[in-house]
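Let us walk through a protein model together. Keep the sequence and the 3D view side by side.

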Amino acid sequence: MRRLTQQDLDQLARSRGLNLTPQRRAIVDFLHSASNHPSAEEVFAEVNRRFPMTSRATVYNTLNLLKAAGLLHEVFEDGVSRFDPVLDPHHHFVCRACGKVEDVDREIMPAPAGRKLLPGKQRVETYEVTFRGLCAACGGRAEQQ
Ligand SMILES: [Zn+2]
Ligand SMILES: [Zn+2]
């Protein structure tokens, strides 16, 4: 599971004809520095700390733009849309106590060998698994009690 470097991002943005303005870069940087898949609201709060007066609409539009350009993708958890800068296919772990969404390496659950068609004849192109439970911090706390 590879995280893109600043250089990769610049190259990717350029190849998609996307101009990374300071505001857009701030959004990308924040998503890359956070490992918990921030929601649009969290991105909005952070960008406003650095660029006060940034409207909610600008942040939402930028997220959609970056998504359309393939610089990040969207994950839905409990009805909230979150943003993920890791472009390689991977799974997620959702903590039921703190709500954190963490990345899980795909190797932990590879595709069943040779299973390209599901029993209903649907053709599988990609897949991701969501594990649920307690994260290290919350699980550790529970065990101390
Ligand atoms: Zn937790
Ligand atoms: Zn992820």
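Which residue stands opposite Phe93 in β5? The residue is Phe131. This is a predicted model, where local features need pLDDT of at least 70, side-chain atom pairs count only at pLDDT 80 or more, and totals for chains, interfaces and linings use all residues. Residues are numbered from 1 along each chain as its sequence is written, while chains are lettered from A and ligands numbered from 1 in the order in which they are written.

Start with the strands (DSSP runs of E, at least two residues; helices are runs of H or I, at least four; both are numbered from the N terminus). Strands pair if DSSP finds at least two bridges between them. β3 (residues 91-95) pairs with β5 (residues 130-133) in the parallel sense, over four bridges. β3 also pairs with β4 (residues 101-104), in the antiparallel sense and over four bridges. There, Phe93 stands opposite Glu102. Five residues lie between β3 and β4 in this hairpin, and Gly99 in the turn has a positive phi of about 80°.

Now turn to the helices. The axes of α2 and α4 come within 10 Å and cross at roughly 70°. (Axes are lines fitted to C-alpha atoms, for helices over the stretch in contact; angles run from 0 to 180 degrees between N-to-C directions.) So α2 is roughly perpendicular to α4, a label for angles of 65 to 115 degrees. α2 brings Gln23, Arg24, Ile27 and Val28 to the contact, and α4 brings Val59, Thr62, Leu63 and Leu66. Contact means C-beta atoms, placed from the backbone, within 7 Å. Among the residues that Ile27 touches are Val43 and Val47.

Notes
Two residues are in contact if their C-beta atoms, placed from the backbone, lie within 7 Å. Angles under 35 degrees count as roughly parallel, over 145 as roughly antiparallel, 65 to 115 as roughly perpendicular and the rest as oblique. Lists of a residue's contacts leave out its neighbours within four places in sequence.
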